[in-house]
Amino acid sequence: MLQKAFSNFIGKAFIFTFLLITVYPIVWLILSSFKDPGEFSNPMYSLPDGVYIQNYIDAWTIGNMGTYFKNSILVTFPSLFFILIFGAAAAFAIEKMKWKLNNAVMLLFLAGIMIPMQIVLLPLFSIYHSTGLLNNLLGLIIVYIAFGLPLTIFLFSGYYKTLPNELIEAAIIDGASIYQIFFKISIPMILNAFVSVALVQFFFVWNDLIFAMTFISDSELRTIQTGLINFTGQYGQRQWGPTFASISLAIIPTLVLYLVLNKLVMKGMTSGAVKG
């Protein structure tokens, strides 16, 4: 009994320590973003005396974070839409449609997961330069879709394997077309997969730095991650308040989306059933 209580105490202490190490930097960052410039001479762990909103105003206007935020949205959500639709359709074709090359195509997509991003930067830069896609948000959307599809197809394939073939066969007997089966039967039954994949790919696109730095040099087209580098370089160590505010603007959407979609994933585990 004593040994079990001690084991529970060790486990809870480990979880508490892990959460403290993980959550504290984020809390400290957000609190520091509300500090008055004069408060940064105080110890770094001190709480702000009040709420200094001017840091966020400076970050949004002087630091041009409003433009960077808009560009990230314009790139992220179209990329997510096509990644999810193309990925779900390809996985459905590979797992539920019988054709000779489905295993070979699946292996081809799996090979795409193993390709490091750094290897394709120079060839893609040459292609984009010759096609006029440099300094173009469309170029970023294309590359995000290309790199997001392999993992998306792999994840969707695992969900489609759990989808009973009898449902598809019954739908075919009832006269449903392949498009009706895909949109009205398969997608509702894997909504939890859509949420999970959307969460993973959102983090990938929103937090990308290497592609955005390589293909975008126009300051008016920078995404929020490349904008953070420029913003920090502009203010250096003299204005930490706006710098922390700009970083908070970059991470808060990911935190909010994670909390919301995490609940939807748990609810989606039992949703999507077909009523008899």
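A word on the annotations first: UniProt positions are given in the numbering used here, feature names are shortened, and annotations may be inferred rather than shown by experiment.

1. **The model.** This is a predicted model, in which local features need pLDDT of at least 70, side-chain atom pairs count only at pLDDT 80 or more, and totals for chains, interfaces and linings use all residues. Residues are numbered from 1 along each chain as its sequence is written, and side-chain values use heavy atoms, with hydrogens and water left out.

2. **Confidence.** Contact means heavy atoms within 4.5 Å.

3. **Annotated spans.** The unreviewed UniProt entry lists "transmembrane region" for residues 12–31, 73–94, 106–125, 137–160, 181–204 and 240–261. In the model, residues 12–31 are 100% helix and 0% strand, with end C-alpha atoms 27 Å apart. Residues 181–204 are 96% helix and 0% strand, and their end C-alpha atoms are 30 Å apart. Helices (H or I, at least four residues) and strands (E, at least two) are DSSP runs, numbered from the N terminus.

4. **A nonpolar patch.** F14, I15, F18, L19, V23, V27, L31 and L47 make a nonpolar surface patch of about 780 Å². Areas come from the Shrake-Rupley method with a 1.4 Å probe, and for residues only the protein chains shown count as cover. V27 belongs to helix 1 (residues 2–32).

5. **Buried or exposed?** Buried means under 20% relative accessible area, exposed over 50%, and partly exposed in between (1.4 Å probe, protein chains only). G241, in helix 12 (residues 240–268), counts as buried because its relative accessibility is 2%. Leaving aside residues up to four places away in sequence, G241 touches S33, F40 and N55. E166, in helix 7 (residues 165–173), is exposed, with a relative accessible area of 56%.

6. **Positive phi.** Most residues other than glycine have a negative phi. N64, in the loop between helix 2 (54–60) and helix 3 (65–96), has a positive phi near 65 degrees. N135, in the loop between helix 5 (117–131) and helix 6 (137–161), has a positive phi near 55 degrees.

Conventions
Patches are made of residues with over 30% relative accessible area and no salt bridge: like charges are joined within 9 Å, nonpolar side chains (Val, Leu, Ile, Met, Phe, Trp, Tyr) within 5 Å. A salt bridge is a side-chain nitrogen of Lys or Arg within 4 Å of a carboxyl oxygen of Asp or Glu.
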